[in-house]
Each structure stands twice: as C-alpha cells, then as structure tokens.
Amino acid sequence: MANFEGLNSITLNPGDELPPLASGRMRLYNMMFCPFAHRSVLYISKKKLPVEVINVNLMEKPDWFVQRNPLGKVPMIEHDGKVVFESLIVNEYLDELFPETAILPTDPYERAQQKILVERLSSVTAAFFAFMMNKDGDYKQAKDGMKKALENAESLLVDDFYGDIAVWPIFERFPIITLNPKFGVKKFPGIKYPKLSAYIKRMKKQPEIKAVMKPIELHEKFLKSAWIEKNPDYNLGI
C-alpha cells in the first residue's frame with residue numbers, strides 16, 4: 001500500500017540494528033500475523049496515514065524494542081520521541097492526533113457505546129483462542145464457546161461501527177478451524193448466523209481490508225509454526 005513503507009519487510013531480531021526514525025515521521029512496530037497489531041494496520045490503512053513499519057520478532061525481542069515498550073507487545077507507534085502501545089489505545093490516539101480522518105464518533109456518548117460494543121464482542125477472540133490453545137484434543141468446550149460467542153455477535157452486530165476494525169482480525173482468522181478435520185467444524189460462521197455472514201461479506205469488500213488481507217492458509221501455516229512447532233515463522237509469505 002502506498003501509505004505503508006515496509007509493511008511486508010523482513011522481521012528484525014535481537015542484534016539487528018534499528019533504522020533511525022526521521023523527524024516528523026511515524027513508525028508502526030508490527031508483527032505480520034498478530035491479530036491485535038492487525039487492528040492498527042487496518043486503522044492506519046483506513047485513515048490513509050503515511051507510516052513506516054518495523055516488523056519485530058516477539059519471541060526473541062530486540063533490546064531496542066523492549067526499551068521502548070516494557071510490555072513487549074505490538075502494535076506500537078513512535079513519532080517525535082513519543083511512544084504509544086496497545087491496539088485500541090493506539091487507534092484512539094491516532095483519531096485524536098488526526099481528527100480529520102476520525103473513525104470513532106465525535107459524540108462522547110456514541111463513542112463510549114462503540115467501545116462498549118467492542119468489549120462485548122471480546123468473547124469472539126476468546127472462542128478463537130480456545131481452539132488454538134487446546135492441548136487435550138477434546139474440542140467440545142471450544143465449540144460450545146464458539147456457539148455462544150457467535151450467537152452474541154449475531155445479536156450485537158450493526159451495519160456500521162468502529163468495532164468493525166477491532167474485531168475483524170479474529171473473524172479473518174477464524175475459518176482456520178474449517179481446515180483441520182479434528183476441530184469438527186465444516187463451515188464458518190454457518191447459516192445460523194445471517195447477520196454475521198453479511199458482515200464478513202461486507203468487510204471483505206472494504207479497501208482497507210482487501211489491501212492487507214492474507215490467505216487463510218497462510219494464517220494456518222503461521223499458527224502451526226507458532227503453536228505446534230514452537231518456532232514461529234515471522235516471514236511467511238514474504
């Protein structure tokens with residue numbers, strides 16, 4: 001994308017030198033397969049902000065990254081000697097910094113309602129990771145959790161809201177469960193969730209989504225390298 005410099009650049013590891021950041025420039029510290037960093041990539045994409053991207057090894061973090069961010073998480077943005085991290089905080093900060101392209105509503109009450117909605121949809125994230133982190137091979141509890149989370153999402157989703165970007169990264173990844181027979185899920189989300197299916201169809205058409213969307217098979221390969229092989233391949237697809 002024209003406004004991203006280095007979005008698909010090679011991941012930097014301990015010992016790698018951090019390029020200097022020019023005055024007035026904004027930098028996003030990212031990991032290409034992180035769903036939380038994906039939130040800010042989408043936000044920046046939608047706002048069309050010019051940024052340079054540094055992809056970071058999150059298993060073995062470079063010292064310069066931890067010095068800037070003691071939590072060692074992505075996303076993180078840096079500009080003019082200032083550092084902000086945590087995806088939802090980063091995105092709200094960007095709206096305040098560039099109000100002319102604000103995505104959150106300007107009305108305080110409406111803005112609060114949008115953020116509450118994102119929190120109420122957090123069960124979708126928990127349901128996804130229940131599949132990914134399962135170690136005993138019994139996925140009944142994970143499937144029950146998914147059913148409750150999708151029913152909740154079906155009842156809460158509206159036509160257009162800020163949380164589109166906040167929850168989309170998990171919905172982009174969730175079809176991974178249909179690729180592995182052991183999960184016992186053939187379709188996602190399924191015919192029981194027409195509003196959710198319409199939301200997914202609509203989101204896939206959005207320019208900011210299409211510009212950075214990865215094939216589901218690539219997400220699966222990364223998660224396999226990270227969760228099963230314990231050796232995340234941060235540069236998959238480059």
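1. Helix axes. An axis here is a line fitted to C-alpha atoms, for helices over the stretch in contact, and angles run from 0 to 180 degrees between N-to-C directions. The axes of α6 and helix α8 (residues 194–203) come within 8 Å and cross at roughly 75 degrees. That makes α6 roughly perpendicular to α8. Angles of 65 to 115 degrees count as roughly perpendicular, those under 35 as roughly parallel, those over 145 as roughly antiparallel, and the rest as oblique. Helices (H or I, at least four residues) and strands (E, at least two) are DSSP runs, numbered from the N terminus.

2. Basis of the model. This is a predicted model, in which local features need pLDDT of at least 70, side-chain atom pairs count only at pLDDT 80 or more, and totals for chains, interfaces and linings use all residues. Residues are numbered from 1 along each chain as its sequence is written, and side-chain values use heavy atoms, with hydrogens and water left out.

3. α6 against α8. Contact means heavy atoms within 4.5 Å. On the α6 side, the residues are Leu-150, Glu-154 and Ser-155; they meet Pro-194, Lys-195 and Leu-196 in α8. By class, this contact has three nonpolar, one polar and two charged residues. Ala, Val, Leu, Ile, Met, Phe, Trp, Tyr, Cys and Pro count as nonpolar, Asp, Glu, Lys and Arg as charged, and the others, Gly among them, as polar.

4. α5 against α6. Helix α5 (residues 122–132) and helix α6 (residues 140–156) have axes that come within 9 Å and cross at roughly 160 degrees. That makes α5 roughly antiparallel to α6. The crossing is left-handed. A crossing gets that label if the near helix is turned anticlockwise from the far one by less than a right angle, and is right-handed if clockwise. Ser-123, Val-124, Ala-127, Ala-130 and Phe-131 in α5 face a set in α6: they meet Ala-142, Lys-143, Gly-145, Met-146, Ala-149, Asn-152 and Ala-153. The contact of α5 with α6 has eight nonpolar, three polar and one charged residues.

5. α1 against α3. The axes of these two helices come within 8 Å and cross at roughly 15 degrees. α1 and α3 are therefore roughly parallel to each other. α1 passes α3 in a right-handed crossing. From α1, the contact uses Phe-36, Arg-39, Ser-40, Tyr-43, Ile-44 and Lys-47; from α3, Ser-87, Leu-88, Val-90, Asn-91, Leu-94 and Asp-95. These residues divide into six nonpolar, three polar and three charged.

6. The largest pocket. About 650 Å³ of space lies in it. A pocket is an open set of points on a 1 Å grid over the protein atoms alone, with protein on both sides within 12 Å along at least five of seven lines; a cavity is a set of points where a 1.4 Å probe fits but cannot get out; lining residues have an atom within 4 Å of a point. Grid points are joined across faces, edges and corners, and a volume is the space filled by probe spheres set on the points. The largest pocket is lined by 27 residues, and Met-31, Cys-34, Pro-35, Phe-36 and Leu-58 lie nearest its centre. At least two lining residues come from each of α1, α3 (87–97), α5 and α10 (216–228). α10 gives the largest share, five residues. By class, the lining has 19 nonpolar, three polar and five charged residues.

7. The cavity. How many cavities of 30 Å³ or more does a search of the whole structure find? One. The largest cavity has a volume of about 30 Å³. Its lining is Pro-35, Phe-36, Arg-39, Thr-125, Ala-166, Val-167, Pro-169 and Ile-170. α1 (35–47) and α7 (163–173) are the elements that give two or more residues to this lining. The largest share, four residues, comes from α7. Six lining residues are nonpolar, one is polar and one is charged.

8. Backbone points to check. The Val-74 to Pro-75 peptide bond is cis, with omega near 10 degrees. Pro-75 sits in the loop between α2 (63–68) and β4 (76–79). Phe-188 and Pro-189 are also joined by a cis peptide bond, with omega about 0 degrees. Pro-189 is in the loop between α7 and α8. Lys-48 has a positive phi, near 60 degrees, and is not a glycine. Lys-48 lies in the loop between α1 and β3 (51–55).

9. Leu-71. This residue is in the loop between α2 and β4. Leu-71 touches Phe-85 and Glu-86, not counting residues up to four places away in sequence. Leu-71 and Glu-86 are 15 residues apart in sequence and 9.3 Å apart in space, C-alpha to C-alpha.
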